[in-house]
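Open the model in your viewer and keep the selection tool at hand. We will go from stop to stop, selecting a few residues each time.

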Amino acid sequence: MGALPVFRWHLAPDGYATRRQLRARGLRPGGQDVAATLERPRRRRGPLVAYLYRVDQAKPVRPMTPGRWAALAKANAARRLCPACRSDAGYVIPASLGTCVPCAYPNPADSPRSA
């Protein structure tokens, strides 16, 4: 197999799409290899590269099963559970804090917003 075709930003021919563009159409790459690359030049750094897939070889997105929905709900619930007080914070715990806001700043005067 030869080198992949390289297209400049916004100049890819019809029939190629990125993963996000495929997903917006309800498609997925479906096991196909990268068909081409898209490069956006940048100053003082290497170019931004996007991988393109053939639209005609893409397959429909698999539907969510009840088991997948349950696993996703469980994972999202775990992201809301504070490891310090073991309560549901009602929001996704920030990775920068590692705990819910009341546990991270027990004294309201220490809160970053009070500064």
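Start with a term: a patch is made of residues with over 30% relative accessible area and no salt bridge, where like charges are joined within 9 Å and nonpolar side chains (Val, Leu, Ile, Met, Phe, Trp, Tyr) within 5 Å. A salt bridge is a side-chain nitrogen of Lys or Arg within 4 Å of a carboxyl oxygen of Asp or Glu. Accessible areas come from the Shrake-Rupley method with a 1.4 Å probe, and for residues only the protein chains shown count as cover.

This is a predicted model, where local features need pLDDT of at least 70 and side-chain atom pairs count only at pLDDT 80 or more, while totals for chains, interfaces and linings use all residues. Residues are numbered from 1 along each chain as its sequence is written, and side-chain values use heavy atoms, leaving out hydrogens and water.

**Stop 1: the patch.** Select Met64, Trp69 and Leu72. They form a nonpolar surface patch with about 310 Å² of accessible area together. Leu72 sits in helix H2 (residues 66–80). Helices (H or I, at least four residues) and strands (E, at least two) are DSSP runs, numbered from the N terminus.

Stop 2: Now show the strands. Four of them make an open sheet in the order E1-E4-E5-E2, with mixed pairing. E1 and strand E2 (16–17) are at the edges with a single partner strand each, so one side of each has no neighbour in the sheet. Two strands pair if DSSP finds at least two bridges between them.

Select E1 (residues 6–8) and E4 (residues 36–42): they pair in the parallel sense over three bridges. Val6 stands opposite Thr37 in E4.

E4 and E5 run antiparallel, joined by six bridges. Leu38 has Ala50 in E5 as its bridge partner. Arg42 faces Arg45 in E5.

Which residue in the turn of the E4 and E5 hairpin has a positive phi? Select Arg44: its phi is about 65 degrees, and the hairpin has two residues between its strands.
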